[in-house]
Amino acid sequence: MRFNDLTVQQFNGAKPIVCLAVAWRRRIIGAASFLLVFLPIFPGGTRAADNLGVLGDHPRWAVLEKYQQTITHDEFSRLIQNVYCTHGFAPDLIEINEKTARLLMNRAAQTFFTLEFAENDAERRPVPRLWRPAKSLPSAKPEKPLSGLKIALDPGHLGGKWAKMEERWFHVGSSAAVEEGELTLRVSRLLAARLRELGAKVLFVRNSNEPITSKRPDDFRELARKILIKNPATAGQPRADVLDRNDPAKEQTIRWQSEILFYRYSEIRRRAVLVNFKLHPDLVLCLHFNAEGWGDPNNPTLTEADHLHLLVNGSYLAEELELDDERFEMIRRLLSRVYDEELPLADTVAAAMARETGLPPYEYPTTNSTTKVGTSGYVYARNLLATRLYRCPVVYCEPYVMNSNDAFARIQAGDYQGVRAINGVERKSIFREYADSVADGLADFYSKAREL
Ligand SMILES: [Zn+2]
């Protein structure tokens with residue numbers, strides 16, 4: 001399961017679990033952008049605050065200078081229209097002219113960045129980047145299609161003692177609790193072994209149930225309080241702490257808001273710092289399990305629905321593009337041309353996962369936040385924190401509905417070698433099937449791209 005990050009999003013109050021497969025509602029934080037500001041001094045002495053998302057970093061627009069003349073007008077327009085800004089945007093944010101694009105840096109200060117286009121493909125300057133596309137990797141043996149490749153595995157969520165706080169936890173009767181953060185870590189360890197066999201160097205963004213961030217919920221109580229004061233739903237007065245996690249009123253408490261600032265915003269932003277400044281991978285795989293709304297985690301609803309989809313970055317909402325940091329990060333991502341690598345990668349991995357899991361493609365109930373891309377039918381563009389902030393190709397996997405009858409039985413069966421009958425069908429362990437299908441998809445993609 002995953003989340004966008006424009007706002008602290010919450011599940012529709014009637015169904016207390018966080019899950020993508022059902023309607024989400026954006027409520028609380030638009031107000032946070034007023035809180036996390038600084039006052040840069042612009043030429044001429046004017047001062048204007050940056051309009052930032054939750055715990056957002058101030059954009060460093062000057063970094064875009066190195067992308068001058070690295071993209072043509074047509075390619076830039078195509079990526080804006082078909083991938084990144086499919087829901088439209090205010091006209092002053094991005095103005096595409098014949099030879100340049102004018103990018104709004106700060107509306108109050110009326111400052112703009114001018115991006116110069118390359119005249120044509122032949123004149124294009126090389127794109128500066130730290131990650132390596134498949135085609136630029138050195139030659140490899142056919143049995144080692146991932147040799148020389150640095151892959152970072154990002155098991156979604158935390159699990160362990162944090163799983164209930166993350167709302168990634170449920171249990172049925174006396175069966176073992178299902179914790180998404182625990183499941184993704186098990187898959188990552190199996191996948192790491194497979195990828196190493198194929199020649200890859202594998203790094204873990206997380207390899208335990210402990211957070212990467214050093215912050216804890218108590219560190220965010222003051223920010224949570226400010227966010228709630230700005231929120232019309234709480235009328236300037238946060239609710240007293242509600243201890244019952246099934247009570248939707250919990251979302252208007254300092255406790256709940258400070259927890260989400262910890263395990264979602266702070267945690268994923270720290271993972272991004274690790275990826276971008278220490279690990280420097282050629283590819284990040286974000287590994288998740290999906291879910292449908294399960295209601296009471298102590299008495300969850302199980303469902304027949306089971307499905308698969310993958311996500312790449314794109315499909316920014318108009319209101320997300322209003323945030324100076326998100327708009328900057330979107331443009332930097334576009335200019336790094338990461339989409340040219342991650343889309344065919346995601347499509348190829350999706351095809352292998354579909355083949356090996358037999359899962360049908362997930363269809364979002366609305367197109368409000370996603371755009372279907374690629375050719376497999378399984379891949380969507382969506383603006384998530386991880387897919388936006390990790391500065392390299394990112395493939396975000398969402399197979400299996402954890403609270404489907406089938407996946408639940410397979411999770412309870414645990415990991416094992418070979419096959420076992422589960423609900424009357426001979427199946428691999430769900431963890432191995434997940435890991436093997438991703439590894440096979442990567443082997444397919446890199447073998448072909450490297451012409452092995
Ligand atoms: Zn997840």
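Tutor: Two strands pair if DSSP finds at least two bridges between them. Strands (E, at least two residues) and helices (H or I, at least four) are DSSP runs, numbered from the N terminus. The structure above is a predicted model, in which local features need pLDDT of at least 70, side-chain atom pairs count only at pLDDT 80 or more, and totals for chains, interfaces and linings use all residues. Residues are numbered from 1 along each chain as its sequence is written, and side-chain values use heavy atoms, with hydrogens and water left out.

Student: How many bridges join strand β6 to β10?

Tutor: Five bridges join β6 (residues 150–155) to β10, and the two strands run parallel. Within this pairing, Leu 153 has Leu 285 of β10 as its bridge partner.

Student: Which residue of β14 stands opposite Val 284?

Tutor: That residue is Val 394. Four bridges join β10 to β14 (residues 394–399), again with a parallel run.

Student: Is β10 mostly covered or mostly uncovered?

Tutor: Buried means under 20% relative accessible area, exposed means over 50%, and partly exposed lies in between (1.4 Å probe, protein chains only). Strand β10 (residues 283–287) is mostly covered, as five of its five residues are buried. Leu 283, Leu 285 and Leu 287 point one way, while Val 284 and Cys 286 point the other way.

Student: Which relative accessible area does Ser 315 have?

Tutor: Ser 315 has 1% and is buried, whereas Gln 110 has 45% and is partly exposed.

Student: At what angle do the axes of α1 and α7 cross?

Tutor: Axes are lines fitted to C-alpha atoms, for helices over the stretch in contact, and angles run from 0 to 180 degrees between N-to-C directions. The axes of α1 (residues 73–84) and α7 (residues 324–335) cross at roughly 120° and come within 11 Å. Therefore α1 is oblique to α7; angles under 35 degrees count as roughly parallel, over 145 as roughly antiparallel, 65 to 115 as roughly perpendicular and the rest as oblique.

Student: Which residues make the contact?

Tutor: Contact means heavy atoms within 4.5 Å. Phe 76, Leu 79, Ile 80 and Tyr 84 of α1 meet Met 330, Ile 331, Arg 333, Leu 334 and Leu 335 of α7.
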